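Please keep the model open as you read.

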Amino acid sequence: MRNHEALQGQDPGRLNLWGLSVVGLALLAGLLGVPVAGWAEDAASASAAVSYRDIPQLGGSRNIIWVVAQLHLLLAGFVLGVPIFAWLCEIVGWKTGEKRYDKLAKEFTKLLTSSYATTALFGGILLFLLISFYPKLMTYLTDIFFPSFIAYCGLFLLETATLYLYWYGWDVMQEGRAKVFHLFLGFLLNFFAFFIMVIPNSWATFQASPVVIAEGSNVARAWAATWNPTWWPVNIHRLIANVVLGGYICGAYAGVRYLSAKSAEEREHYDWMGYVGNFIGVFGLLPLPFAGYWLMREIYQYNQQMGITLMGGFLSWLFILQAMLIGVLFLGSNYYFWLGITHRIPGAEAKYKKPIMAMLVILLLCLGVWMTPHSLVASLEEARKLGGTHHPLLGVFGVMSAKMTVANLMILVTFMSFIMYWRAGKEETATWAKLARAVMSGVLGVAAIVVIVLGVWGYFVPAIVRINYFSVAQVLIVIFVMLTITPLTALLLRSARTTTEMIWGRMPPRAGYALVLNAVMVILLMTLMGYARSSSRVHWHIYGVMRDNSEYAYSPALGYAAAFMSLNTFLFCMLVAFIFWVATMGDKAKAGHGAMPAMAGGSPELDRSKAH
Amino acid sequence: MKGGIHLKPALLMVGLYIFFKFGMPLFTAPLPASLIMLYLMLTFSGIMIFMTLSGTSMESFLGPIFRFISGDGQDGTMKMARLAVLALFPLLVGWQTYTSTASSTAPPAENRTVHPAPPGEFAAMSNPVPNTPENVMQGKGLYAAYCSPCHGLFDGKGPASRGFNPPPANFKDPTTIAMLQESYLFWRIKKGGVGLSVEGMPWKSAMPRWEFELKDEQIWKIIMGEYDGAGQKPRTWE
């Protein structure tokens with residue numbers, strides 16, 4: 001049996017070695033291919049002074065970089081988001097003693113090993129392409145960031161070693177202090193991953209918001225360039241977005257497995273996994289608009305030109321598309337919660353029909369405001385009747401005060417959806433339950449009113465008051481609601497009596513599709529905002545410092561960009577599907593040979609204990 | 001009541017359409033078709049979400065529609081109605097395709113106007129003229145002479161305003177100059193419509209290029225007078 005277990009343990013290792021071999025071969029091919037990449041280069045300029053190279057036959061350097069960079073970033077987001085997700089699940093499993101959380105964490109860590117190799121592969125390709133296509137820019141950036149390049153390599157070594165220990169040590173570090181050490185490894189994994197994210201962020205944000213670099217040592221210059229105005233806002237925004245991406249992709253994976261599940265046990269498990277994925281996605285989604293708002297504020301403050309280009313200029317349509325995608329995401333996440341209430345908790349449909357309708361109406365009203373542009377698309381005749389393209393009444397919905405208000409309200413509604421789901425099927429027996437419910441209703445009602453009042457008042461105060469005080473107050477109020485209602489609900493439910501047991505595995509197929517839709521929306525959002533962030537530099541490689549003098553210095557039309565966003569989303573989904581397929585191939589074979597699990601990456605030890 | 005489950009959503013959709021199309025123009029400007037379509041699509045999404053929450057509601061809402069389309073157990077009038085729908089549907093698609101692709105003499109839809117981003121040399125400017133009552137008064141005087149014929153009493157309704165499309169900006173609207181920094185206004189006044197940036201061309205602006213008539217100091221004073229007269233404050237970061 002031990003030999004059998006040992007063999008089972010080796011499967012992922014083989015897979016990983018195979019993956020690393022592919023990376024190695026690809027890197028070698030990349031190295032050999034570098035000279036070829038310069039075939040479009042003018043022979044006369046084949047010197048150190050070359051600024052650009054191109055492969056027009058493959059669609060041009062910009063488009064190639066666009067696809068590769070976006071795929072690398074999406075993979076990186078997944079690879080950095082999943083460890084957070086896995087580690088949180090492992091902690092929950094350890095604290096509650098529920099082994100299924102531990103199994104879930106392990107299942108996703110297994111996917112991580114193959115995703116990690118693919119991410120590194122795309123990172124290598126991106127680097128070679130950047131050096132080949134943009135030698136002048138890369139020379140400049142290397143000159144500034146040389147020390148952080150080295151630190152980045154060092155972090156990669158640490159992250160890789162930690163990942164190996166974390167994954168291969170899973171089964172042997174299950175009990176007592178060993179488990180605590182394993183959890184510490186999970187912390188280290190995320191710690192290193194965070195810095196692996198923030199270092200390249202400094203390169204990208206320096207391009208968008210460069211600062212004056214003082215004379216000094218290499219380290220001092222790199223340090224000064226790293227601390228540019230948009231570095232931390234991007235770090236925080238991406239960190240939260242990675243959690244969202246990891247959660248929703250987990251949900252999508254569970255959704256697909258749920259749709260193809262053949263046994264009741266599988267349906268039960270993947271239904272539960274879908275719930276956890278959606279929950280973590282929503283958990284990250286709630287603070288994401290705040291982080292985005294802070295980022296845009298910093299961009300606008302850094303440079304009015306860039307702020308207006310993004311928020312009011314030729315890129316502003318992207319924010320209407322963003323509203324649409326975020327709206328679908330909010331609706332999709334809530335829909336999944338509501339489906340959970342009506343299908344997993346028998347008899348709950350009638351009780352929660354009215355609250356669900358109320359929440360749906362609020363969400364749609366908010367979304368309507370969020371999606372209303374400041375200036376409208378109108379025919380000539382319509383514009384004449386309007387007196388321009390600004391509507392005198394609905395035009396007020398087109399600016400940030402309205403958008404911020406409805407975003408906060410949508411967050412409140414989504415939070416309450418979760419609370420409702422949490423409380424469904426339970427009867428609160430505490431003597432103070434009535435008082436607690438009244439307090440919660442009061443807090444929620446007052447918070448919603450204050451958020452709306454601040455939103456309306458925001459039109460009548462100087463912009464800086466609205467930005468620095470009103471918007472911040474709105475965010476703090478929403479956070480206060482969450483911090484008040486969550487512990488109160490937890491306390492109430494501690495003594496609550498379960499009236500209707502939650503039944504897993506009863507969700508309809510559309511719940512699985514909703515999970516897939518949410519993941520696709522998040523990926524589309526990331527490709528959309530990736531284009532926005534990159535295009536806001538317009539014709540500059542480094543804003544205001546190094547001008548783009550290539551033939552691709554123009555900004556692509558929005559329709560053209562949208563096609564690339566869709567392409568990148570599709571390619572990423574295919575990549576993730578491939579990774580999932582490869583990573584679970586061995587388990588299917590095992591399951592076919594009579595070994596346990598219906599789920600990928602299931603620990604043999606845990607499976608046996610469950611079987612007994 | 002049989003069919004009641006479809007009646008309410010249908011009434012909601014029709015009612016909203018009538019309100020947006022014919023009701024709103026009674027008290028404000030009409031809504032463009034693009035916005036009406038957006039709101040109706042949101043409503044439709046809401047109906048679909050609500051009606052598919054449970055198996056029972058989904059069956060009672062979509063079941064009859066699916067059965068009608070599949071033709072299960074139909075005869076007589078229902079059968080004819082189904083055939084009519086199946087015949088009309090491709091015709092509807094064809095008509096829509098024709099109307100959206102056929103050449104027309106009607107001018108194209110108004111492109112959504114966007115705020116042009118100021119050139120770099122203007123973006124970083126700050127008002128060098130002290131904000132004193134005297135300077136504000138001088139600015140208002142200059143405004144009255146140069147700007148009010150079009151922009152009126154800061155509301156965009158000057159005597160000449162009706163001759164322009166798009167109309168002159170309404171500075172009292174909290175979504176115009178209150179959202180902008182002073183340097184943005186300086187650029188727009190100094191360079192006018194012809195000085196707009198190339199991004200997003202062609203622009204439609206009849207704003208004169210005042211740099212030939214006014215000194216920079218006078219422009220800054222006009223900006224102060226404009227904000228004061230409109231009851232607005234410029235965007236600042238402190």
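This is a predicted model: local features need pLDDT of at least 70, side-chain atom pairs count only at pLDDT 80 or more; totals for chains, interfaces and linings use all residues.

Residues are numbered from 1 along each chain as its sequence is written, chains are lettered from A and ligands numbered from 1 in the order in which they are written, and side-chain values use heavy atoms, with hydrogens and water left out.

**Chain A as a whole**

Chain A holds 19 helices and four strands; helices (H or I, at least four residues) and strands (E, at least two) are DSSP runs, numbered from the N terminus. Of its 612 residues, 57% count as buried, where buried means under 20% relative accessible area, exposed over 50%, and partly exposed in between (1.4 Å probe, protein chains only). Among contacts in chain A with a separation of 6 or more, 83% come from residues 24 or more positions apart; a contact means heavy atoms within 4.5 Å.

**Where chain A touches chain B**

The contact takes 60 residues from chain A and 53 residues from chain B. About 5000 Å² is buried between the two chains, with carbon and sulfur atoms giving 66%; this buried area is the accessible area (1.4 Å probe) that two parts lose on being put together, summed over both. Across this interface there are 13 residue pairs in polar contact (both at pLDDT 80 or more). A polar contact is a pair of N or O atoms within 3.5 Å; within protein, one must be able to donate a hydrogen and the other to accept it, and residues adjacent in sequence count only if both atoms are side-chain atoms. On the side of chain A that touches chain B, α12(A) gives the most, with nine residues. The count of salt bridges between chain A and chain B is zero.

**Salt bridges**

Over all chains the count comes to 17 salt bridges, each being a side-chain nitrogen of Lys or Arg within 4 Å of a carboxyl oxygen of Asp or Glu. Three of them are listed here.

| Pair | N to O distance |
|---|---|
| Glu428(A) and Arg423(A) | 2.9 Å |
| Glu427(A) and Arg497(A) | 2.4 Å |
| Lys221(B) and Glu217(B) | 3.2 Å |

The pair Glu427(A) and Arg497(A) links distant parts of the chain, from strand β1 (residues 426-427) to strand β2 (residues 497-498), 70 residues apart. Glu427(A) is partly exposed at 36% relative accessible area, and Arg497(A) is partly exposed at 44%. Lys221(B) and Glu217(B) are separated by about one helical turn because they lie four residues apart in helix α9 (residues 216-230) of chain B. Lys221(B) counts as buried at 9% relative accessibility, whereas Glu217(B) is partly exposed at 46%.

**Two backbone spots**

Most residues other than glycine have a negative phi. Val538(A) has a positive phi near 40°, and Phe154(B) has a positive phi near 70°. Val538(A) lies in the loop between α17 (509-535) and β3 (540-542) of chain A, while Phe154(B) sits in the loop between α7 (148-151) and α8 (182-191) of chain B.
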